[in-house]
Amino acid sequence: MKKTNDFQTCLKLLFSFMKIGTFTFGGGFAMIPLIERDVVQKYKWLTTEEFIDMLAVTQCSPGPVAVNAAVYIGYRITGLPGAFAATIGVALPSFAIILLLAHFLLAKGNQLILQEFFKGVQPAVIALILSAGIEMGKKSIKSRYDLSAAVIAFLLLIFSPIHPILLIIAGVISGVISRSLISKNEG
Amino acid sequence: MLPLIQNEVVLKNSWLSMAQFADIIAVAEITPGPVAINTATFVGYKTASFAGAFFATLGVVLPSFMLIVLLAGLVIKYKDNKYLKSAFSGLRPIVVALIVGAAFLIGRETVTGHRDLIYALAALLLMVKSPLNPILIILFFGLGAVIF
């Protein structure tokens, strides 16, 4: 029973990430909202909190965010086969499309059309990432402390040269400290 | 990642000229999918045909694969550890801020006038209020730009 379910899940992972990989325009980061739609909303493989935790880990690791996310999610859901399925899914469309384009050499004219398309897509991609961030925030920010942490982090990210990794480290430290404060009060 | 690729491909190994590399980057950023994979596949193909494309793509994916499997394994194993749980709960608002911030950072680079801003807001409205698949909305905006 479990084996069939696992295999079916791996196939779903494969096709899900292939779909996402084919239709993500505007960089790997734009994949995140699309991944969230499938993984959290559609298939309910992860909760919103678990998805955000995934983002925390993948932001800290080197490599393309999209690949990291695929590996993590695949592994979390069905172990190593899942990781393989998701990774192949996310890489295959890019691989195939680029090979096709490179082989049938883009004429300069066609490249201009693609550039126009890309420029048109950019505002929509920004909107996509923004709406996903707001949705995730609505579901996960539950206290005033969380909200102020998010706002401070946001302002620091936009207006100061502080590297995101430092913000993440700050988040980890504050999380652990606030927990030990809570247990001290209770204990 | 791109400067690192440029360093390896153009400067260290002279597989491609700077001009050829620049052309590849231009295409890799426009085509769907992660830029890193697109670039690796393209550079690999130009350098050593299909095999080059395959191994370059494998190369860009493999370290991430191994590291993330390791990290994900640790997270799964120590899922109930109270320090890990509190670390993650402290992290969540930060990560949300990073995502929302990323939208603004990208916007800062690419939104160059009132028109782009209006498009972005219109897209936002559509995505939040309508049940349309965001992929369709994105395609709509892209095709709209090409047609007009």
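Me: Okay, helices (H or I, at least four residues) and strands (E, at least two) are DSSP runs here, numbered from the N terminus. Where does B:Ser49 lie, then?

Reply: B:Ser49 sits in helix H3 of chain B. Before we go on, this is a predicted model, where local features need pLDDT of at least 70, side-chain atom pairs count only at pLDDT 80 or more, and totals for chains, interfaces and linings use all residues. Residues are numbered from 1 along each chain as its sequence is written, while chains are lettered from A and ligands numbered from 1 in the order in which they are written.

Me: Got it. What's phi like at B:Ser49?

Reply: Phi there is near 55°, a positive value in a residue other than glycine.

Me: And how exposed is B:Ser49?

Reply: B:Ser49 is partly exposed, because 13 other C-beta atoms lie within 10 Å. For the cut-offs, 20 or more other C-beta atoms within 10 Å of a residue's own makes it buried, 12 or fewer makes it exposed, and in between is partly exposed, with C-beta atoms placed from the backbone.

Me: Where does H3(B) bend, and by how much?

Reply: H3(B) bends by about 145° at B:Ala48. The bend at a residue is the angle between axes fitted to the seven residues ending there and the seven starting there.

Me: How far apart are the ends of H3(B)?

Reply: The end C-alpha atoms are only 32 Å apart for 43 residues, whereas a straight helix would reach 63 Å at 1.5 Å a residue. That expected span is 1.5 Å times one less than the number of residues.

Me: Which helix is B:Phe55 in, and how exposed is B:Phe55?

Reply: B:Phe55 is in helix H3 of chain B. B:Phe55 is partly exposed, because 14 other C-beta atoms are within 10 Å. Its C-alpha atom is separated by 33 Å from that of B:Leu98, 43 residues apart along the chain.

Me: What does A:Tyr75 contact, leaving aside its neighbours within four places in sequence?

Reply: With those left aside, A:Tyr75 is in contact with A:Leu80, A:Gly82, A:Ala83, B:Val69 and B:Ala72. A:Tyr75 is in helix H4 (residues 65–103) of chain A. A:Tyr75 counts as buried because it has 25 C-beta neighbours inside 10 Å.

Me: Give me chain A as a whole. How many helices and strands?

Reply: Chain A has 7 helices and 0 strands. Its C-alpha atoms fill a box of roughly 70 × 50 × 25 Å, taken along the principal axes. Of the 187 residues in chain A, 50% are buried.

Me: What happens just after H2(A)?

Reply: A:Lys44 takes a positive phi of about 55° there. A:Lys44 lies in the loop between helix H2 (31–42) and helix H3 (48–60) of chain A. A:Lys44 counts as exposed, because it has 9 C-beta neighbours inside 10 Å.

Me: Last one. Which residues make the contact between H1(B) and H2(B)?

Reply: H1(B) brings B:Leu2, B:Gln6, B:Val9 and B:Val10, and H2(B) brings B:Met18, B:Phe21 and B:Ile25. By class, that contact has 6 nonpolar, 1 polar and no charged residues.

Definitions and conventions. Contact = placed C-beta atoms within 7 Å. Nonpolar A, V, L, I, M, F, W, Y, C, P; charged D, E, K, R; others polar.
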